[in-house]
Amino acid sequence: MSLAGKVAIVTGSGQGLGLAYARELARQGAAVVVNDVNEAAAAAAVEQIEAAGGTATAVVVPVGSTEAAKALVAGAVEAFGRLDILVTNAGILRDKSLLKMTDEDFDLVINVHLRGTFTCVREAYAYFKEHGIAGRIVTIGSPTGQRGNFGQTNYAAAKAGIVGMVRTWALEMKKAGVTVNAVIPVAATAMTKTVPYFAKAVEADERGEAMPAFFRHDLGFGTADDVAGLIAYLASDEAAGITGQAIGAGGDRLQVWTHPEPATTDYREGGWTYEALQEKGAELIGGHLQSVGEEFLPLPAELQPSEAR
């Protein structure tokens, strides 16, 4: 089902994952508003989309504020007459362990990822409601927001918060026919380039070769383009019945993440006092501890980073 006649905003789409999303939406027929803080990157992205036969314009603004969100929606309407799709991809990293992370490190990441998603979604939803449009909203989560990751307190908080907002918005937007979902991408990015574990996958991608099957299949790790198809699908009319979900995409793998459910439930008349928990807490809680962080499979010998061989 084509996206012809639809208009999409993709924040943070001057390069990387965002650019892949914008290109795919345009390839499926949508007119795309490219957003970036770098004017040259935004212009290059528009040129790339147009060279491939797509339609695009750029709105250069740092995502986070209400003013930026208003500028994005206004830019879409001014350039293409309407808005149907919002993809909130913009983000930054300020990775540090807890005791090294400053207030500024925390606030910057929260402002772009979490507040930026909030302000852009609020503005787009207001437009959808006012004009009776059954719009599509796709936010971007992360495995870090689902599982945690060392050195990413700010990023984990933002990405987990985005999924929490999506569940709430799915309830609030249902009557208007607007869908909202979170995509959890697992793909080669500027960040993964610095991780030795992914070196052979990144090297293959940079040579224009297919990543080894171990990465694509076993780990569900691939390219930005591997995620873009899901973004376009969730933006389509065919996905009208999908909302409030966290959906992972990477390499050859697609995952629907479950929402948090109790691992165990026990009752005690009168409630769980300190004394009662001293007696049974280790058994009732300790017997059901949940794992944290991503656990990667051992790398086959032939895929070990060169310096580790």
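**Stop one: a buried valine**

Start by selecting Val-178, which sits in the loop between α6 (153–173) and β6 (179–185). Helices (H or I, at least four residues) and strands (E, at least two) are DSSP runs, numbered from the N terminus. Before going on, note that this is a predicted model: local features need pLDDT of at least 70, side-chain atom pairs count only at pLDDT 80 or more, and totals for chains, interfaces and linings use all residues. Residues are numbered from 1 along each chain as its sequence is written, and side-chain values use heavy atoms, with hydrogens and water left out.

Is Val-178 buried or exposed? Its relative accessibility is 2%, so it counts as buried; buried means under 20% relative accessible area, exposed over 50%, partly exposed in between (1.4 Å probe, protein chains only). Now show what Val-178 touches (heavy atoms within 4.5 Å): leaving out residues up to four places away in sequence, you'll find Tyr-125, Phe-128, Ile-133, Ala-134, Gly-135, Ile-137, Met-173 and Thr-243.

**Stop two: the sheet**

Switch to cartoon and pick out the 8 strands of the open, mixed sheet, ordered β3-β2-β1-β4-β5-β6-β7-β8. Strands count as paired if DSSP finds at least two bridges between them. At the edges are β3 (55–60) and β8 (253–257), each pairing on one side only. Select β7 (residues 246–250) next: this strand pairs with β8 in the antiparallel sense over 5 bridges. One to click on is Gly-248, whose bridge partner in β8 is Gln-255.

Helix α3 (residues 66–80) lies across β1 (7–10), β2 and β3, at about 145° to β3. For these angles, axes are lines fitted to C-alpha atoms, for helices over the stretch in contact, and angles run from 0 to 180 degrees between N-to-C directions.

**Stop three: inside β2**

Which strand holds Asn-35? Zoom in on β2 and you'll find it there. Asn-35 is buried, with a relative accessible area of 1%. Its side chain reaches the backbone oxygen of Val-61 at 3.0 Å. Beyond four places in sequence, the contacts of Asn-35 include Val-10, Gly-12, Val-59 and Leu-72.

**Last stop: helix α1**

Finish by selecting α1 (residues 16–27). Of its 12 residues, 9 are buried, so α1 is largely enclosed by the rest of the structure. Among the buried ones are Leu-17, Tyr-21 and Glu-24. Following α1 is Gly-29, with a positive phi near 110°.

Definitions and conventions:
The expected span of a helix is 1.5 Å times one less than its number of residues. A polar contact is a pair of N or O atoms within 3.5 Å; within protein, one must be able to donate a hydrogen and the other to accept it, and residues adjacent in sequence count only if both atoms are side-chain atoms.
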